[in-house]
Amino acid sequence: MGTIGDTGTDAPLAPGLYLVATPIGNLGDMTLRAISVLKCAEAIACEDSRVTRKLLSAHGIATPMTPYHEHNAARARPGLIRRLRDGAAIALVSDAGTPLVSDPGYKLVAEAQEAGITVTAVPGASAALTALILSGLPSDAFFFAGFTPPRSTARKRALAALAAVPGSLVFYESAKRLGDFLDDAHEVFGDRAAAVCRELTKLHEEVARGSLGELAERYRISGAPRGEIVVVIAPPGADDDIQLAWKRLHEVAPDIFWTPRNGGHWVATRGEDIREVQTNYRRFSQRVMTIPAAAQTFRILPANADPPE
């Protein structure tokens, strides 16, 4: 059988699983190739048929849909794999954007590949990448973290695990939890630069830029915004890391003091402070600091950094 041509013209699809990106808001962002694949597929596996039906209707696509989402994925996957093994061409879409990004599609892809089934990507819109390039923050290295836990304690723990990532951080968040997320991010990361991207590619698209503290205050005053939210947070700078590390050390061991000797050290004189730092600090950021054999000293990197204020 033939495959979709470079021009996106309709042609029979070769058997296999097709991962088709769909618009994140603006229907005009649908690619010609994506339209052709969805028209020629034998079935479209989708999260919510009501959402996908609107997209298909807008482009005159009559391909039957079959549900595939987080609540039925384990039950639906074996049937889809059987159809694919029998030579079907099936398209997988999410409600918006690129499949497998914050949805259960990766398990279907993994099983299809293990079964020797051809998997083809049909790229297009992605909310994470759209927000990153609009944020004005470094885009040469980034980490997509998806949604964080809904409760503050678990969320701060998840954020702390990302504190040393040497790239911009990209998060999805619900509008109603945005204020709480920004408060926790400000507490964990300090006052890094950030951007809150809302309603991307839609009529009321908005990108709010500022420090985490400024953005947290903005949405504390204005309340929860409407629409889909992506938050981008700048990578750590050396000075930001040093100040944040100093704050965290004082939280677990308030009697630690600073000495400029040998390029700068924090010194713990009490045994309980040493144990607190050894227990809690390692989880925070080993990139910024190391705990040498002499447990009383904690050396800061880079060595020529100014002492914290």
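Me: Where is the place of T22?
Reply: T22 lies in the loop between β1 (16-20) and α1 (32-40), where helices (H or I, at least four residues) and strands (E, at least two) are DSSP runs, numbered from the N terminus. This is a predicted model, in which local features need pLDDT of at least 70 and side-chain atom pairs count only at pLDDT 80 or more, while totals for chains, interfaces and linings use all residues. Residues are numbered from 1 along each chain as its sequence is written, and side-chain values use heavy atoms, with hydrogens and water left out.

Me: Is T22 buried or exposed?
Reply: T22 counts as buried, because its relative accessibility is 2%; buried means under 20% relative accessible area, exposed over 50%, and partly exposed in between (1.4 Å probe, protein chains only).

Me: And what does T22 touch?
Reply: Not counting residues up to four places away in sequence, T22 touches M30, L55, V93, S94, D95, A96, G97 and A125, with contact meaning heavy atoms within 4.5 Å.

Me: Switching to α6, which of its residues are buried?
Reply: In helix α6 (residues 152-160) the buried residues are R155, L159 and A160. They cover an arc of only 135° around the axis, so they sit on the same side of α6; the arc is that of the directions from the helix axis to the C-beta atoms.

Me: What covers the buried residues of α6, and what is on the face turned away?
Reply: The cover includes β7 (168-173) and α7 (178-189), whereas the face of α6 turned away from its buried side carries the exposed residues T153 and R157.

Me: At what angle do α6 and α7 pack?
Reply: The angle between α6 and α7 is about 45°, with their axes 9 Å apart; axes are lines fitted to C-alpha atoms, for helices over the stretch in contact, and angles run from 0 to 180 degrees between N-to-C directions. The two helices α6 and α7 are therefore oblique to each other, since angles under 35 degrees count as roughly parallel, over 145 as roughly antiparallel, 65 to 115 as roughly perpendicular and the rest as oblique.

Me: Which residues meet there?
Reply: From α6 there are S152, R155, K156, L159 and A160, which meet D180, F181, D184, A185, E187, V188 and F189 in α7.

Me: What about α3 and α4, how do they pack?
Reply: Helix α3 (residues 73-85) and helix α4 (residues 105-114) pack at about 40°, with their axes 10 Å apart. Their contact is made by R77, L80 and I81 of α3 together with K107, L108, E111 and A112 of α4.
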